[in-house]
Amino acid sequence: MIKVSVVIPVYNDPSGLQDTLESLVAQNFPKDQYEIIVVDNGSTDKTLDVAKMHADKYPQLVKYVIEDKIQSSYAARNKGIQIAKGNVLAFTDSDCDPVEYWLTEGCKSLKHNN
């Protein structure tokens, strides 16, 4: 059962996405309880290649979709929400580096605070 869906909107940031995805796959959260959804917002560089590489390497964990109708992080986030399977939605950007306990502590806080 997917507990958390992490949505990452991205546009033209292959190195940032690479770092963010590496941090997210290294989370100390059970791998079968979260998914990572990269939403490419029409990148014109190698960003989509980075997303595809991680989806190929971690097929049960990483997915990617393309939002090419509307150029905005809001539209990209909404596209990710549409395919999310988790009970909890988490958002991060491609220039963030979540610490290894980000999901664990976030879920603890949600449970503790109802």
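Helices (H or I, at least four residues) and strands (E, at least two residues) are taken here as DSSP runs, numbered from the N terminus. One segment defined in this way is the stretch after H4, where Asn114 is found.

The model is predicted: local features need pLDDT of at least 70 and side-chain atom pairs count only at pLDDT 80 or more, whereas totals for chains, interfaces and linings use all residues. Residues are numbered from 1 along each chain as its sequence is written, and side-chain values use heavy atoms, with hydrogens and water left out.

**The sheet**

Four strands form an open sheet in the order S3-S2-S1-S4, with parallel pairing. S3 and strand S4 (88-91) stand at the edges with a single partner strand each, so one side of each has no neighbour in the sheet. From one strand to the next, the twist averages 25°; axes for such angles are lines fitted to C-alpha atoms (for helices over the stretch in contact), and angles run from 0 to 180 degrees between N-to-C directions. Two strands are said to pair if DSSP finds at least two bridges between them. In general, strands of a sheet pair through backbone hydrogen bonds, either parallel or antiparallel.

S1 and S2 run parallel and are joined by 7 bridges, and within S2 the bridge partner of Ile8 is Val38. Strand S1 (residues 4-10) also pairs with S4 in the parallel sense, over 4 bridges. The bridge partner of Ser5 in S4 is Leu89.

Burial is judged from relative accessible area (buried under 20%, exposed over 50%, partly exposed in between; 1.4 Å probe, protein chains only). S1 is largely enclosed by the rest of the structure, because 7 of its 7 residues are buried. Both faces of the strand are covered: Val4, Val6, Ile8 and Val10 are buried on one side, and Ser5, Val7 and Pro9 are buried on the other. In a regular strand the side chains alternate between the two faces of the sheet.

**Helix H2**

Helix H2 (residues 47-57) has Thr47, Leu48, Val50, Ala51, His54 and Ala55 buried. These residues lie on the same side of H2, because they cover an arc of only 160° around the axis; the arc is that of the directions from the helix axis to the C-beta atoms. Asp56 and Lys57, on the other side of H2, are exposed.

**Salt bridges**

A salt bridge is counted when a side-chain nitrogen of Lys or Arg lies within 4 Å of a carboxyl oxygen of Asp or Glu.

| Pair | N to O distance |
|---|---|
| Lys63 and Glu35 | 3.1 Å |
| Lys46 and Asp49 | 3.9 Å |
| Lys108 and Glu105 | 3.4 Å |

The side chains of Lys63 and Glu35 meet in a salt bridge. This pair links distant parts of the chain, since Lys63 is in strand S3 (residues 62-66) and Glu35 is in strand S2 (residues 34-40), 28 residues apart. Glu35 is buried, with a relative accessible area of 0%, whereas Lys63 counts as partly exposed at 24%.

In the pair formed by Lys46 and Asp49, Lys46 is exposed at 55% relative accessible area and Asp49 is partly exposed at 40%. Lys108 and Glu105 are 3 residues apart in helix H4 (residues 102-112) and are therefore separated by about one helical turn. Glu105 is partly exposed, with a relative accessible area of 38%. An α-helix has 3.6 residues a turn, so residues three or four places apart point the same way.

**Surface patch**

Ile81, Leu89 and Phe91 make a nonpolar surface patch of about 230 Å². Patches consist of residues with over 30% relative accessible area and no salt bridge, where like charges are joined within 9 Å and nonpolar side chains (Val, Leu, Ile, Met, Phe, Trp, Tyr) within 5 Å. Accessible areas come from the Shrake-Rupley method with a 1.4 Å probe, and for residues only the protein chains shown count as cover. Ile81 is located in helix H3 (residues 73-83) and counts as partly exposed at 33% relative accessibility.

**Backbone with positive phi**

Most residues other than glycine have a negative phi, and most peptide bonds are trans. Asn12 is not a glycine, yet has a positive phi of about 50°. Asn12 is found in the loop between S1 and helix H1 (14-25), and is partly exposed with a relative accessible area of 28%. Asn114, also not a glycine, has a positive phi of about 50°. At 88% relative accessibility, Asn114 counts as exposed.
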